[in-house]
Amino acid sequence: MAITAYPFDDQDTTENQFSLWARELQDSGVADTFGGTGFRVSGGGGGMAVQVQPGFAFLRGHALSSTAVETKTIEAASSALRYDRVVLRINPSTNLGSIEVLKGTAGSGVPQGLTQTAEGIFELSLAVVTVQANATTIDAAMVRDDRQYVGARTGVWSTATRPSGFRTYKLGFNTTTQSWEFWNGSQWQNVVASTAENSSQWNGFTLTVSTTQPAGTPTADRIWIQPIS
């Protein structure tokens with residue numbers, strides 16, 4: 001069995017080798033905070049068209065970048081409802097990345113499928129467009145966000161060395177507080193709250209943990225646990 005290792009000095013690395021290496025480091029997806037503007041698709045700009053915002057994405061280890069708003073035409077409506085799909089595409093045979101519209105089948109009830117091969121064409125869905133029968137415009141409500149996002153790597157830090165420049169829901173372990181925490185968009189928040197409700201449901205019973213007897217009349221579906229210091 002042949003053993004291959006790369007990259008090394010004075011050694012060519014093929015496109016497929018690089019892709020195999022890079023795809024293990026990052027998921028395919030848009031490199032942005034969940035719900036951000038990166039490659040966001042919208043309608044309502046007039047006529048049978050959608051607008052795709054600039055963005056950066058990984059597709060099976062390849063990078064695809066757009067630095068301007070791209071307008072993509074939706075083919076004329078059919079006599080029956082159809083679902084088109086807006087995708088990012090890489091094509092190693094042509095060495096190109098692009099934004100494409102996959103026309104759905106009228107009356108099928110499902111969006112056009114994706115092509116995701118191991119070495120050839122690979123597509124990443126950005127949005128599903130509902131093309132109403134005999135429509136003449138694509139309204140904002142007709143575009144459903146379908147983006148996937150790159151993985152958020154976990155980290156470890158102290159309260160003083162928390163990272164900067166991170167995206168929403170960045171997850172890591174805080175050695176100062178000895179707890180897992182994430183950035184919720186405005187502040188760091190513990191994965192497990194420091195204080196929790198003292199009562200919960202367990203197999204149909206109300207389980208209450210309290211140092212004093214809970215108020216109310218005891219019933220058959222209540223369990224009270226009293227901690228002893």
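Start by selecting Gln178, which sits in the loop between β12 (171-174) and β13 (179-183); strands here are DSSP runs of E with at least two residues, helices are runs of H or I with at least four, and both are numbered from the N terminus. Before going on, note that this is a predicted model, in which local features need pLDDT of at least 70 and side-chain atom pairs count only at pLDDT 80 or more, while totals for chains, interfaces and linings use all residues. Residues are numbered from 1 along each chain as its sequence is written, and side-chain values use heavy atoms, with hydrogens and water left out.

Gln178 is not a glycine, yet it has a positive phi of about 55°. Is Gln178 buried or exposed? Gln178 counts as exposed, at 55% relative accessibility; the class exposed means over 50% relative accessible area, buried means under 20%, and partly exposed is in between (1.4 Å probe, protein chains only).

Pick Gly172 and you will find its bridge partner in β13, Glu181.

Next, select strand β11 (residues 155-157), which pairs with β12 in the parallel sense over three bridges. Here Val156 has Phe173 of β12 as its bridge partner. Color the residues of β12 by face: Gly172 and Asn174 make up the covered one, Leu171 and Phe173 the uncovered one. In a regular strand the side chains alternate between the two faces of the sheet.

**The four-stranded sheet**

Move on to the open sheet of four strands, ordered β8-β7-β9-β10 with antiparallel pairing. Its edge strands, β8 (96-102) and β10 (143-145), each pair on one side only. From one strand to the next, the twist averages 20°; this angle is taken between N-to-C directions, from 0 to 180 degrees, using axes that are lines fitted to C-alpha atoms, for helices over the stretch in contact.

Zoom in on β7 and β8, which pair in the antiparallel sense over seven bridges. Select Val86 to see its bridge partner in β8, Val101.

**The core and Phe39**

Which residues have the most contacts inside the largest nonpolar core? They are Phe39 and Leu88, in a core of 25 residues; such a core is a set of buried Ala, Val, Leu, Ile, Met, Phe, Trp, Tyr and Cys residues joined through side-chain atoms within 4.5 Å. At least two residues of this core come from each of β3 (49-52), β4 (55-59), β7 (82-91) and β9 (122-131). β9 gives the most, with six residues.

Center on Phe39, in the loop between β1 (29-30) and β2 (41-42). Phe39 is buried, with a relative accessible area of 0%. Check its backbone too: Phe39 has a positive phi of about 55° although it is not a glycine.

**Salt bridges**

Show charged side chains next. The count comes to seven salt bridges, each being a side-chain nitrogen of Lys or Arg within 4 Å of a carboxyl oxygen of Asp or Glu.

- Glu75 and Lys103 meet in a salt bridge (3.2 Å, N to O). This pair links distant parts of the chain, 28 residues apart: Glu75 is in the loop between β6 (70-73) and β7, Lys103 in the loop between β8 and β9.
- Arg82 and Asp84 form a salt bridge whose closest N and O atoms are 2.8 Å apart. Both Arg82 and Asp84 are buried.
- Asp145 and Arg147 also meet in a salt bridge (2.8 Å, N to O). Asp145 is partly exposed at 42% relative accessibility, whereas Arg147 is buried at 8%.

**Last stops**

Select Tyr6 and Pro7: the peptide bond between them is cis, with omega near -5°. Pro7 belongs to the segment before α1.

Then go to helix α1 (residues 15-23) and pick Trp21. Trp21 is partly exposed, with a relative accessible area of 41%.

Ala133 is in the loop between β9 and β10.

How values were computed. Pairing = 2+ DSSP bridges.
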